[in-house]
Amino acid sequence: MKIEGKEYRTIWFENNVVKIIDQTKLPHQFVIKDLKTVRDATNAIKLMEVRGAPLIGATAAYGLVLAILENNDQSFLNKSAENLISSRPTAINLKWAVDRMMSKLSGVNSDKILEIAQSEANEICEEDIKFCENIGLNGLKIIEEIYNKKKDTVNILTHCNAGWLATINWGTATSPIYHAHKKGIPVHVWADETRPRNQGANLTSYELNEEGIKNTIIADNTGGILMQRGEVDMCIVGTDRTLANGDVCNKVGTYLKALAAYDNNVPFYVALPSSTIDWNIKNFKDIPIEERNSNELSFMDGIDKDGNVKKIQIYPKKSKAMNIAFDITPAKYVTSIITERGICEASQDGLKKLFK
Ligand code: MRU
């Protein structure tokens, strides 16, 4: 998608270097960062220079390519894979991508391993783009249906950033929105700010602006009253891990939005590529939920009147803060799941029909 009119992907490989858009700098600065070692890739995931479930998976895949370039030795590769998997615990795509790479590379001769690793990492990215595009085409039907009834702007609420910046291109939750916009359907997005890291304000609103899509940032607690007033036609979010029974783990705050949507008969959709499905965990209580440093709550970045980016403390110095990063929305609150293969009920049966 576009930034200042120029097409970008979120990650690419060039001259043995992985290039990323440093998302900790957005929206005030646009910085392309070089990752030269597997440690750089692991840190980029930890520090959230790259974030979003599909993108951290792709970064980990390229991280293994960097590991091979640094030291073409099996034990270094194994250790690098372990470090990458543990760099963030909740999004299943990370382990999915590392496992896929490691199984592709298993038993491969050291003179061929680099070429195969590079081509598999590229393939993970190409596949994600195709899947996200298909999610968009499938989700477009839902937006079209609402528009055909309403004959007026479709108001869509989203939480966090499940946009193209969270994937390689298109996004998951935003892909149907981009497709609707390209088709000339008038859409307007309510972007939840998404405290504490403000992915909704800093990333979703930013990327929608760059594509010319109308949007309004709202404080995280505003969705409820908007739904009561009939100002939300549908909600659509992404996910970091979806269980085979349709329970959805996504950025903290998603659950409360789903409850409000349920109470107000607003349809609540979750858009996901199949790489986000965890077929093993049966009970959502077993999903590892990331808890991040509380400084992410008590400090905020902003830009002063001279254009300088500043970090300021916003809480009392003596106060304790807690920063749980994800929550779970039980399947009963999810209207449907939108995948690359089609739309299904958020249930074991629904998912099984699409993914035999
Ligand atoms: O902590 P983040 O910013 O990595 O969390 C991202 C989300 O929660 C997204 O909604 C999710 O990864 C889906 S991305 C297509």
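Predicted model: local features only at pLDDT ≥ 70, side-chain atom pairs only at ≥ 80, totals over all residues.
**Entry 1: cis prolines**

I started at Pro27, which sits in the loop between strand 4 and strand 5. Residues are numbered from 1 along each chain as its sequence is written, and side-chain values use heavy atoms, with hydrogens and water left out.

I looked up the bond into Pro27: the peptide bond from Leu26 is cis, with omega near 5 degrees. I found a cis peptide bond between Arg195 and Pro196 too, with omega at about 5 degrees. Pro196 lies in the loop between strand 7 (187-192) and helix 7 (199-210).

I looked at these because most peptide bonds are trans, and most residues other than glycine have a negative phi.

**Entry 2: positive phi**

In the loop that holds Pro196, between strand 7 and helix 7, I also found Thr194. Thr194 is not a glycine, yet its phi is positive, about 70 degrees. Is Thr194 buried or exposed? I have Thr194 as buried, because its relative accessibility is 0%. My cut-offs are under 20% relative accessible area for buried, over 50% for exposed and partly exposed in between, with a 1.4 Å probe and protein chains only.

Met48 is another case: it is not a glycine, and its phi is positive, near 65 degrees. Met48 counts as buried at 3% relative accessibility.

**Entry 3: Glu49**

I moved on to Glu49, in the loop between helix 1 and helix 2. At 8% relative accessibility, Glu49 counts as buried. What does Glu49 touch, not counting residues up to four places away in sequence? I listed Ile20, Ile21, Asp22, Gln23, Thr24, Lys33 and Ala44. Contact here means heavy atoms within 4.5 Å.

**Entry 4: helix 1**

Ala44 belongs to helix 1 (residues 38-46), where Val38, Ala41, Thr42, Ala44 and Ile45 are buried. These residues cover an arc of only 160 degrees around the axis, so they lie on the same side of helix 1. I take the arc from the directions that run from the helix axis to the C-beta atoms. I then checked what covers the buried residues of helix 1, and the cover includes strand 4 (17-21), strand 5 (32-35), helix 2 (53-70), helix 3 (74-85) and helix 4 (92-105).

Two strands pair if DSSP finds at least two bridges between them.

Strand 4 and strand 5 are joined by four bridges, and I see Ile21 opposite Ile32 of strand 5.

**Entry 5: strand 17**

I looked at strand 17 (residues 336-339) and found both faces covered: Ser336 and Ile338 on one side, Ile337 and Thr339 on the other, all buried. Strand 12 (residues 268-271) pairs with strand 17 in the parallel sense over three bridges, with Ala271 opposite Ile338. Strand 18 (residues 342-344) pairs with strand 17 in the antiparallel sense, over three bridges. Thr339 stands opposite Gly342 in strand 18, and a hairpin of two residues joins strand 17 to strand 18.

**Entry 6: cysteines**

How many disulfides does the structure hold? I got zero, with a disulfide being a pair of cysteine sulfur atoms within 2.5 Å. The sulfur of Cys235 is 15 Å from the closest cysteine sulfur, in Cys160, so it is too far for a bond. Cys249 is in no disulfide, and the nearest cysteine sulfur, that of Cys160, is 11 Å away. Cys235 is buried at 0% relative accessibility, and Cys249 is buried at 0%.
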